[in-house]
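Hi,

Here is the structure I promised to pass on. Have a look at it first, and then read my notes below.

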Amino acid sequence: MTNTGKVKRNLVAVEKPQSNELHYQLREEELRSMQALGLINNYSLVYFILKLQNPSCDRAIQIKPNQIAKNWGISEASVYRAIAKLKGSRLISVHETDRRDRYKLTHLQEN
């Protein structure tokens, strides 16, 4: 919730892969298994949750961090920390609007 008492809503856009790129579509069950086994940290988990929300990477999507937290059994603070770290790492960009934030996922860049 923001200082004005409004619930903050977020929108995420994922960059669409080039047609000649190979890619693997991660399934939710697979991600949940990795989480349960402790094979993935919350930063990666949130990144892949966002990818699951838009596997074709062709549009912006709305996310609610509190809903991600509830659905995946992590704290809302962890979701916000992950979003901040992903933003700081330039894996997502945030586009703020009056009513909601929009996030765009970007591809990892080679050094």
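Before the notes, one term you'll need: "buried" means under 20% relative accessible area, "exposed" means over 50%, and "partly exposed" is anything in between, using a 1.4 Å probe and protein chains only. Now two sentences of housekeeping. This is a predicted model, so local features need pLDDT of at least 70 and side-chain atom pairs count only at pLDDT 80 or more, while totals for chains, interfaces and linings use all residues. Residues are numbered from 1 along each chain as its sequence is written, and side-chain values use heavy atoms, with hydrogens and water left out.

**The overall layout**

The chain has 4 helices and 4 strands. Helices (H or I, at least four residues) and strands (E, at least two) are DSSP runs, numbered from the N terminus. If you walk along the sequence, you get the pattern β-α-α-β-α-α-β-β. Of the 111 residues in the chain, 30% are buried.

**Helix α4**

I'd start with α4, which covers residues 76-88. This helix has 13 residues and runs 18 Å from its first C-alpha to its last, close to the 18 Å expected at 1.5 Å a residue. (The expected span is 1.5 Å times one less than the number of residues.)

Which residues of α4 are buried? They are Ser-78, Val-79, Ala-82, Ile-83 and Leu-86. These residues cover an arc of only 140° around the axis, which puts them on the same side of α4. The arc here is that of the directions from the helix axis to the C-beta atoms. As background, an α-helix has 3.6 residues a turn, so residues three or four places apart point the same way.

Ser-78 is worth a click. Its relative accessibility is 11%, so Ser-78 counts as buried. The Ser-78 side chain makes a polar contact with the side chain of Ser-75 at 2.9 Å, and another with the side chain of Arg-81 at 3.1 Å. By polar contact I mean a pair of N or O atoms within 3.5 Å; within protein, one must be able to donate a hydrogen and the other to accept it, and residues adjacent in sequence count only if both atoms are side-chain atoms.

Just after α4 comes Arg-90, with a positive phi of about 65°, although Arg-90 is not a glycine. You'll find Arg-90 in the loop between α4 and β3 (92-96). Is Arg-90 buried or exposed? At 70% relative accessibility, Arg-90 counts as exposed.

In α3, the buried residues are Pro-65, Ile-68, Ala-69 and Trp-72. They cover an arc of only 100° around the axis, which puts them on the same side of α3. Just after α3, Gly-73 takes a positive phi of about 70°.

Helix α3 (residues 65-72) packs against α4 at an angle of about 120°, with the axes 8 Å apart. That makes α3 oblique to α4: angles under 35 degrees count as roughly parallel, over 145 as roughly antiparallel, 65 to 115 as roughly perpendicular and the rest as oblique. Axes are lines fitted to C-alpha atoms, for helices over the stretch in contact, and angles run from 0 to 180 degrees between N-to-C directions.

Helix α2 (residues 42-53) has 12 residues, which should span 16 Å at 1.5 Å a residue; its end C-alpha atoms are 16 Å apart, which agrees. Leu-45, Val-46, Tyr-47, Ile-49 and Leu-50 are buried in α2. At the start of α2, a side-chain oxygen of Asn-41 reaches to within 3.1 Å of the backbone nitrogen of Tyr-43.

Over in α1 sits Met-34, partly exposed with a relative accessible area of 28%. Met-34 and Leu-45 are 11 residues apart in sequence and 9.0 Å apart in space, C-alpha to C-alpha. Arg-32 is also found in α1, and is partly exposed at 31% relative accessible area. Between Arg-32 and Trp-72 there are 40 residues in sequence but 8.0 Å in space, C-alpha to C-alpha.

Cheers
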